[in-house]
Amino acid sequence: MLTFRLVPEMQPSTARAVGFLEGHNDLDAGAVFEGLSARDRKHFLFSVNLWVNTGRGPHERMHGFEKPYNDYWAFKNVPRGQRFYGYLMNPKPIWDERLRICVLTSYEQKKKDEMDYGILDNRVRPWKDSPNAATAVAYVFPDEEDEEGQ
């Protein structure tokens, strides 16, 4: 069973959020995050919170991709060769059109800065296209009215 959980210690925002899709052997981003050293965890959380608060950040910490991969995202720690890959989506298109979340699925350790699009095609896209993944995200972000009727 797939589950989605928000990144611990992420700053709250009504515009953006980041979380991990989990529940399958191919989904390793959350498990790797839990095993990061304190230094690497701090770097990752700073990057996540920067994106959550601003929607952007320096390329050496995070970036999106050009078409046809413009719904994909990477958080990275270049000196340590760490990359967390995921996809962007709006889980509440009816009730909150501006909400964007990043669903992290995959981790890669790599030394070169050249992008291997096979990671997106083979390790991220299957989850982006998965109805079960959408269901897991919808459990955390249901597309319905909130308590204030918005």
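Student: E22: buried or exposed?

Tutor: E22 counts as buried, at 18% relative accessibility. Here buried means under 20% relative accessible area, exposed means over 50%, and partly exposed is in between (1.4 Å probe, protein chains only).

Student: And what are we working from?

Tutor: This is a predicted model, where local features need pLDDT of at least 70 and side-chain atom pairs count only at pLDDT 80 or more, while totals for chains, interfaces and linings use all residues. Residues are numbered from 1 along each chain as its sequence is written, and side-chain values use heavy atoms, with hydrogens and water left out.

Student: OK, which side chain meets E22 in a salt bridge?

Tutor: R5 does, at 2.8 Å from N to O. A salt bridge here is a side-chain nitrogen of Lys or Arg within 4 Å of a carboxyl oxygen of Asp or Glu. R5 sits in strand 1 (residues 3-6) and E22 in strand 2, 17 residues apart, so the pair links distant parts of the chain. Helices (H or I, at least four residues) and strands (E, at least two) are DSSP runs numbered from the N terminus.

Student: How accessible is R5?

Tutor: R5 counts as partly exposed, with 24% relative accessibility.

Student: How many salt bridges are there overall?

Tutor: Nine in the structure. Another one pairs R41 with E9, with the closest N and O atoms 3.1 Å apart. R41 is in helix 2 and E9 is in the loop between strand 1 and strand 2, so that pair ties together parts 32 residues apart in sequence. R41 is buried at 18% relative accessible area, whereas E9 is exposed at 56%.

Student: What about D121 and R125?

Tutor: They form a salt bridge too, with the closest N and O atoms 3.2 Å apart. Both are in helix 3, and they are separated by about one helical turn because they are four residues apart. D121 is partly exposed at 30% relative accessible area, and R125 is partly exposed at 29%.

Student: Which residues do shared partners join into one network?

Tutor: R5, E9, E22, E34 and R41, through salt bridges that share partners.

Student: Back to E9. What's its phi?

Tutor: E9 has a positive phi of about 70°, although it is not a glycine. Most residues other than glycine have a negative phi, and most peptide bonds are trans.

Student: Where is there a cis peptide bond?

Tutor: From K67 to P68, with omega near 10°. P68 is in the loop between strand 3 and strand 4.

Student: Switching to helix 2. How far apart are its end C-alpha atoms?

Tutor: They are 24 Å apart, which agrees with the 24 Å that its 17 residues should span at 1.5 Å a residue. The expected span is 1.5 Å times one less than the number of residues. Just after helix 2, G55 takes a positive phi of about 80°.

Student: Which residues in helix 2 are buried, and what do they pack against?

Tutor: The buried ones are D40, R41, H43, F44, L45, S47, V48, N49, W51 and V52. They pack against strand 2, helix 1, strand 3 (62-64), strand 4, strand 5 and strand 6.

Student: Now the largest nonpolar core. Which residues touch the most other members?

Tutor: V18, F44 and F75, out of 43 residues. The elements giving two or more residues to this core include strand 2 (16-22), helix 2 (38-54) and strand 4 (72-77). A nonpolar core is a set of buried Ala, Val, Leu, Ile, Met, Phe, Trp, Tyr and Cys residues joined through side-chain atoms within 4.5 Å.

Student: What is F75 in contact with?

Tutor: Leaving aside neighbours within four places in sequence, its contacts include V18, F44, W51, F84 and L104. Contact means heavy atoms within 4.5 Å.

Student: And Y72, where is that?

Tutor: Y72 is in strand 4, and it counts as buried at 2% relative accessibility. Not counting residues up to four places away in sequence, Y72 touches L120, V124, R125 and K128, among others. Y72 and R125 are 53 residues apart in sequence and 8.7 Å apart in space, C-alpha to C-alpha.

Student: Last one: which residues form a nonpolar patch on the surface?

Tutor: L6, Y139 and V140, with about 320 Å² of accessible area together. Patches take residues with over 30% relative accessible area and no salt bridge, joining like charges within 9 Å and nonpolar side chains (Val, Leu, Ile, Met, Phe, Trp, Tyr) within 5 Å. Accessible areas come from the Shrake-Rupley method with a 1.4 Å probe, and for residues only the protein chains shown count as cover. Y139 is in helix 4 and is exposed, at 74% relative accessible area.
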